[in-house]
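Me: Can you go through this one with me? I'd like to take a few local features in turn.

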Amino acid sequence: MQPRNMSMSGVVDLAAVKAAQEAKAKAEQARAEAARHGGAGAVSPADLVFDVDEAGFERDVVQRSAEVPVVIDFWAEWCQPCKQLSPLLERLVVEYDGRVVLAKIDVDANQMLMQQFGIQGIPAVFAVVAGQALPLFQGAAGEEQIRQTFDQLVAVAEQRFGITGLTVDPEAEPGGVAVEAPAEGPYDAALNAAALALDAGDMAGAIRAYQNVLADDPAHPEAKLGLAQAELLQRVQHLDPQQVRKDAAEKPADVQAQIAAADLDLVGGHVEDAFARLVDTVRRTVGDDREAVRLRLLELFEVVGADDPRVAAARRALARALF
């Protein structure tokens, strides 16, 4: 199978379920917690490559990804291409000197993780950055391709989340990369329930869980973002994408057709296309139709996040279209 390169724009795609702003908030919380405990300190080169199982995945991968991008190597003993790729990944991770770490997952012993990542064949390589999973490539890959991918990963982690990696000390004792879980917040149970509902495709359950948090704390940023996301996913859950796009192309004056197509654009990661479609529709409409489009565009801004430059650009375009 040919390698499937990742698109770094996937950091904000809804295919990863958790949006970038939610992940960023969690990363900042974890870094602040680490700072209160004196920071993680230097780690040994031996700590940069480690085995992970289902029981330790949350601690060893998700929580650790708030400090350093975690590359995941899904492998098995019987997989011949894995025997070529895995040593290459290990060598390159050590060369990157703490800017990435490598988690190795034996798929035979961790079938649930394999299913959760939707892996159809191995070797398969993913990354987790600030709690978000990103596909890197599947199948064999050469050293130059891996270096380019790691460079992209490091750049996105630093620029979007402020994650700069770990300090490596060749003299440090192994075992220094352990992550202490942050203290439980008052809404963690509800937010975890919402995340589980999203993973299970239960959008109504996720919406209820986020609404429960917002009923008590209307300004809660993670719940606001999660609610906007879950509502979007619920809207597109039973749409026929082919029919929606056909209707939007054939009926440019049909407001609901354009709104539905914009929802699909955003879920597919085509953020700018979704915004441009609705801004153009605002220009062509008046009265209640224009207001419906404007409100949907504001909802999509909530999904992507206020500090995303694409949102800022679309807000300016919307203002010009309105006034």
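What follows is a short chat about a disulfide, a phenylalanine and a helix pair in this predicted model.

Me: How many disulfides are there?
Reply: The count comes to one disulfide. C79 is joined to C82, with an S to S distance of 2.3 Å.

Me: Which hand does the disulfide of C79 and C82 have, and why?
Reply: Right-handed, because the torsion about the S-S bond of C79 and C82 is about 80°.

Me: Are C79 and C82 buried or exposed?
Reply: C79 and C82 are both buried.

Me: Different topic. Where is F57?
Reply: F57 is in helix 2, which covers residues 57–63.

Me: Is F57 buried or exposed, and why?
Reply: F57 has a relative accessible area of 12%, and the cut-off for buried is under 20%, so F57 counts as buried.

Me: What does F57 touch?
Reply: Leaving out residues up to four places away in sequence, F57 touches V52, V62, I72, I105, L113 and F117. Take I105, one of these: I105 lies 48 residues from F57 along the chain, and their C-alpha atoms are 9.5 Å apart.

Me: On to helix 8 and helix 10. What is the angle at which their axes cross?
Reply: Roughly 115°, with the axes of helix 8 (residues 221–236) and helix 10 (residues 255–267) coming within 10 Å. The crossing of helix 8 and helix 10 is left-handed.

Me: Which residues make the contact?
Reply: Helix 8 contributes L232, L233, R235 and V236, and helix 10 contributes D263, L264, L266 and V267.

Terms used. Residues numbered from 1 in each chain as written. Predicted model: local features only at pLDDT ≥ 70, side-chain atom pairs only at ≥ 80, totals over all residues. Heavy atoms only, no water. Disulfide = S-S within 2.5 Å. Buried < 20%, exposed > 50% of the residue type's maximum accessible area, 1.4 Å probe, protein only. Helix = DSSP H or I, 4+ residues; strand = E, 2+ residues; numbered from the N terminus. Contact = heavy atoms within 4.5 Å. Axes fitted to C-alpha atoms, helices over the stretch in contact; angles between N-to-C directions. Left-handed = near helix turned anticlockwise from the far one by under 90°.
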